[in-house]
Amino acid sequence: MNINEESIQKKTAKQLEKEAKKLAKLEKFKQKQEQTKLKTNVTLNEKKNKKKDIIKKTIEYCDNTPFGEKKDVSGEMPKAYSPTYVEAVWYSWWEKQKFFKPEYGKKSMNENIRGKFIMVIPPPNVTGTLHLGHALTNAIQDALTRWNRMKGRLTLWNPGCDHAGIATQVVVENKLWRECKKTRHDLGREEFIKKIWEWKEEKGDRIYTQLRKLGSSLDWDRACFTMEPKLSAAVTEAFVRLHENGDIYRSNRLVNWSCSLKSAISDIEVDKIELTERTMLSVPGYDKKIEFGVLIYFAYEVIHNVEFEKEYIVVATTRIETMLSDSAVAVHPDDERYKHLHGKFVIHPFCDRKIPIVCDSFVDREFGTGAVKISPAHDKNDYEVGIRHNLAFITIFSDDGRIIGNYGKFTGMKRFDARVAVLETLKENGLFRDIKNNAMVVPICNRSKDIIEPLIKPQWYIKCDDLAKNAMAAVNNGELKIIPEYHVKIWNHWMENIKDWCISRQLWWGHRIPAYRTFVNDSALKKKFEEEEFWISGRTEEEAKKKAAETFGIDIDKIILEQDVDVLDTWFSSGLFPFSVFGWPDNTEDMEIFYPNTLLETGHDILFFWVARMVFFGQKLLNKLPFKEVFLHPMVRDAHGRKMSKSLGNVIDPVDVIYGISLEKLHEQLYQSNLDPKEIEKAIVGQKRDYPNGIPECGTDALRFALCAYMSQGRDINLDILRVQGYRFFCNKIWNAVRFTKDYMKDFTPQNLTMMASSPMNLWILSRLAAAVELCNKSFEKYEFNNATAACYNLWLYDLCDVFLECVKPVFASGEKRSIFNAQQTLIYVLDCGLRLLSPFMPYITEELYQRLPIYKPFLSICVASYPESEDYNKWRNEKLEQEVQFVQKVVHNLRSAQTDYNLPKSRSVIQENDKQYPNEQIEAECFICCTDDNLTSILQTYLLEIKTLAHWEKLKINETPPSGCAVLTVSNKCQIHLSLRGSIDVNKEHQKLKKSEETVIKNIDKIEKMINAPSYETKVPFEIRVLNSEKLIQLKGELSKLEEARQALSYILLSDNDQT
C-alpha cells in the first residue's frame, strides 16, 4: 500500500486563510457563549441598578523596566496572550544592544564569510503617517532582513526619509495660513524654508516612531534625510555631471501644471478620476461646483474668398474655455464630409484670428463631429499636432489659472468662470450647437486637489532614450532580475515608449537647481545674453563663474550669474538614494562595503517612477546597477477587492489594527477628515457593514504575519481583518503551547539532543520540524512568503499543538523518567527551532517566549540567533514515519467526525463545565478498525495509544469481528471503521435530527440556486456577493453530503433492529 495516497495533505495558503477565519469565528462564538453564561448569573437587583458591559481587559506589562534595558520575564506568564503585554519594552532593548547594525558581533565588516544582504528602505515622506502600504512593505522587508541577519550574513537595512517637496510645502503653507493668515510670499523664500525646517524638527520623526512600532529592524544610526548635507551634495554632483555630459537640458514644453501650487508636477502626483456622465466637482478656489463629463458642440464660420452662403464647421470639446487658444481645426484626410474644406480657414469669434483647417490622421472620424479644435498650448494631443503642422502655440492661462491675452471680457477671469462665460457668449452669438454626456478622465493634483492644466513652461529635462536602452538590456540579459517575472513586460513597455523626464518644479522646498543663467557686464555682449538664455551648472556659484568665463571666453569679473529659482523633482534625489546614503560621490568605506545593494523591495506601482530612475542613475553615474534583484509586492485592497478609499470607509490605519478601535472612533476619524458630508455618510455605511463591532486588537505580530501570509506574488491583496484576528488567535495557541511546556519543565536541564532510541511520536515531530525548516528557507530564497508562513503555521498549529502536545500528555502522566526526559528534550528542541523559524515574521512574541524557555546554549536575543539550516535538521527527516502518522491522523479524523455527526460522547467519565464536573451518563460507542493490509494493521497497533488520545476514544479494537448493525466509515479501500452505536445514542432520535438538518440544508440550497438562476443575477448582483453565494453553495452541498451519509448509516442500524424484532 502507498500510504501517501491515504495521507492528509498539509494546509495550503488558501486553506490557511479559511482556517484563520474559522478560528476567528470560533473565538467570537466562544466569547458570545461566555457572555451569555455571565449574563444569566447576574442577579435581578444588579440588572435593575445598571447594565454591565462585558469587556475583555487588556493585559499590560506593568514592570518599570528602564528604557533600553532588557525586559524582566522571570515572573509567571499571563494565562492568555496579550499583544500589549508581549510587545512592551523589547524594541528599545534591541536598539540599545545594536542588534540591527551590520557591525554587530563582528570585529570588522570585511569579516564576511556568509555573504551580504544590503537593502535601503523606500524612503517614506516626511509628512507621512503609517498606512497599510507601509505596513506591507515593512512586514516583507523586515522579514527578509531578520532572516538574512539570522543566517549570519552581513546585514544592513538602511532607513531614510524623503523631503517630499510638494506635500511638505503644502502642509507648512496651510499651517502658516491657519495660524498667521500669511502666505509663503509674505515671509519670503529664506524665512519660509526656515519654517519648514522647524516643522520637520518638530513633526518629522513621527513616521520613524511608527516604523519602530512595526518592529522594523533598521540601523537607525544610518538614517538619512534627502535634504541633509550629505545627500544634497550627491544631488548637486549628479545634476552637474549629467548637465556637463549633455544628458540634462532645458526646453519649453507642455507640462502638468497645478494652478494652486503654481508648479509643474510629475505624472505620479496626478490622480485620474473617471467620469461616465455629467458630474459637478468641487475645485479649490471656487464657491460653486464645476461641470465636467460633457461634450460641448459649437460652430466655427468658414472663411470663403468669394461670397457664398455662410458655412460652418462644428467641433466638439470637453474644455470649452480652451477655444480661446485654438490655432487650428483638424479633420481626417480621408473624411469625405470635409474634403472640400482642406486648406480653408475659419474665423475665431472672439478675436481677430484666422484658424487653418488641417488634415491629420490622429482625428477619430467617429468621435463628435469628426472635426477637432486644436489648442496646442493646452492639450497633450494637440501639442503633437501643433508641432507636426507648425501651428501657433497660444497660452491663455497665467500660472494661477486666469485668462491672459486680448480676449475682452474674458481676460482676467478664472479659468472655470471663463468656461461658463464662453459657453454663454457662444449661445448669444448663435454658435452653440449641443451639449451631451461624455465619459472622460479628469486629472487632479493629489496634493492640492486642483484640476491639472496642461501648460507650456521652460523646464529642465533628462534625456532618457539611452538610459532606457541600458536599463532594458540589464533586465533582458539577466544582470538585473525583476520578481515576479510578469513585471518584465511592463518594464520593457515603459522603456520602449519612454519620454524625457521633466525634473524641475516651481517650489521653494527642495534641492534648488544648481544651474545659473549667465549675463555679462559688457556693452558689446549684454544684449545677446539678455535675448538668449545661456545656462551654466556648477557645484558652487564660484565654480559656475569659472566655467562660464572659460565657455564664453569672457573675463570672470564681467560674469553675472542668476541661479534658477526652481527646485528638482523629489524623484531625482530618491533615484540617488541607494548610493547617496553611503556618501557618494566620496569614496567612503560604506560605499565600498554596501554598494551595490542586494535587493530593492517595493510596490509595483512605482516600478517606473522610482525603480527605473535608480537603475538609470546607478548605471550612468557609477557604471554599476544599484541592486541585483527587484521584488515587487502587490497593492492592498479591502476584503471585497475594492481600492482603499476614504469615501468608501475602507481605509484602515495599521495602528488601529494593532491596538484595536471602536466603530464610534472609526466614525470620528471620518468627521475629522476633509471628506464631503455626503461621502462621510457613504463611508459610515461602509464601516458599519465591514466593522460592525469595530476592529479588534490584533497586535503587530499578527498584522505582520497576516500581510506576509497574503503574499502570493499576485497583483492585489484583499485584506480581511477577520483573517488578521485569526492570526492573533494563532499567537494565543503559541503562547499556550509554551505555557503548557513550562509546566512540565521543573528541574529540567536542557542538553544537546540525541534521540537514537526515542518514541515514534518524538521522531515524527522532529521530522515535521525538519520539513518546516527546509520549506521556510526555500520560500525565503524565492520570496514565497505565503509558503514560509504556511510552513510555520502548519508546524505550530497542526503538528505541535493539535497532535504532539496531546500525545505527550499521557507520557508526562506516566511517571516513566526516561520517556519524560526524552519528551522534554524533544519539546524544548522543537519550540526553540519553531520560534526561530517564526521570528522574522513575529519578532515580539518569539523574543518573549524564547527568553522564557530553558533552551540549550541560548543566544542573547532571538534577533541574533542562528536561523535553522536544512543541513542541520535533515538528519531528522523520516518520510516513512510521516506517512504512518498521516494515516493515523486520517483514522482520527474519521472518528472525530463521527463523534460530531452522531452526537457521540467522548471517552471521559466526567464532563467539565463552568468549573463543575458532572458524570458522563452516555455509554461510549465501541469502535472496530478492520484492515486487510498487514502493514496498516501494524501501524494501528503501534499508534493505538495516540489514536485513543487524539480521538478521545477508549473502546478501540483492531481487526476484531464487529457486531451487526454498525455504522461503517471508510478510511481507505483497505481500512474501515465499524461503530457500534447501540446504547451510546438514541438511534431513532438522532436519525430524526439528521433528517431535519437535511431538510433545512436543502431549503437553503434551493434558495441560493433560485437566486443564482434569476435572469438578472449576473448584471444586478455585485461580484463579491456572487462569489460569497457560490462559496456558500459549495459549503452547503458538502454539508448535505455528510448529513446524507450519516443518516444512511443510522438507517442501516434501524433496519437491522427491525429485522431482529
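A residue counts as buried when its relative accessible area is under 20% and as exposed when it is over 50%. The model discussed here is a predicted one.

Q: Why is Thr518 called buried?
A: The relative accessibility of Thr518 is 0%, and the cut-off for a buried residue is under 20%, so Thr518 counts as buried. Thr518 lies in strand β22, which spans residues 515–520. With neighbours within four places in sequence left aside, Thr518 is in contact with Phe529, Phe534, Ile536, Ala548, Phe552, Ile559, Ile560 and Leu561.

Q: How many of the residues of helix α5 are buried?
A: Of the 19 residues in α5, 18 are buried, and the helix is accordingly described as mostly covered. For the protein as a whole, buried residues make up 53% of the 1061 residues.

Q: What is the span of helix α5, and what is expected at 1.5 Å a residue?
A: Helix α5, residues 132–150, reaches 26 Å from its first C-alpha to its last, which is close to the expected 27 Å. After α5 comes Gly152, whose phi is positive, near 90°.

Q: What makes α28 roughly antiparallel to α29?
A: The axes of helix α28 (residues 817–838) and helix α29 (residues 843–850) come within 9 Å and cross at roughly 155°. Because angles over 145 degrees count as roughly antiparallel, α28 is roughly antiparallel to α29. The crossing in which α28 passes α29 is left-handed, and the residues that meet are Asp832, Leu835 and Leu838 in α28 and Thr846, Leu849 and Tyr850 in α29.

Q: Why is α31 called roughly perpendicular to α32?
A: Helix α31 (residues 879–901) packs against helix α32 (residues 934–942) at an angle of about 80°, with the axes 10 Å apart. That angle falls in the range from 65 to 115 degrees, and therefore α31 is roughly perpendicular to α32. On the α31 side the contact is made by Glu884, Phe887, Val888 and Val891, and on the α32 side by Leu936, Ile939 and Leu940.

Q: Why do β19 and β26 stand at the edges of their sheet?
A: The sheet is an open one of 3 strands, in the order β19-β27-β26, with parallel pairing. Each of β19 (481–483) and β26 (597–603) has a single partner strand, so one side of each is left without a neighbour in the sheet. Neighbouring strands of this sheet are turned by 15° against each other on average, direction ignored.

Q: How do you know that β19 pairs with β27?
A: Pairing requires at least two bridges between the strands, and 3 bridges join β19 to strand β27 (residues 627–633), the two running parallel. In this pair, Ile483 stands opposite Phe631 in β27.

Q: What makes strands β28 and β29 a pair, and which way do they run?
A: Strand β28 (residues 635–638) is joined to β29 by 4 bridges, where at least two are needed, and the two strands run parallel. Met635 stands opposite Asp716 in β29. Strand β29 (residues 716–719) has a covered face, formed by Ile717 and Leu719, and an uncovered one, formed by Asp716 and Asn718.

Methods: Residues numbered from 1 in each chain as written. Predicted model: local features only at pLDDT ≥ 70, side-chain atom pairs only at ≥ 80, totals over all residues. Heavy atoms only, no water. Expected span 1.5 Å × (residues − 1). Buried < 20%, exposed > 50% of the residue type's maximum accessible area, 1.4 Å probe, protein only. Axes fitted to C-alpha atoms, helices over the stretch in contact; angles between N-to-C directions. Parallel < 35°, antiparallel > 145°, perpendicular 65-115°, else oblique. Left-handed = near helix turned anticlockwise from the far one by under 90°. Contact = heavy atoms within 4.5 Å.
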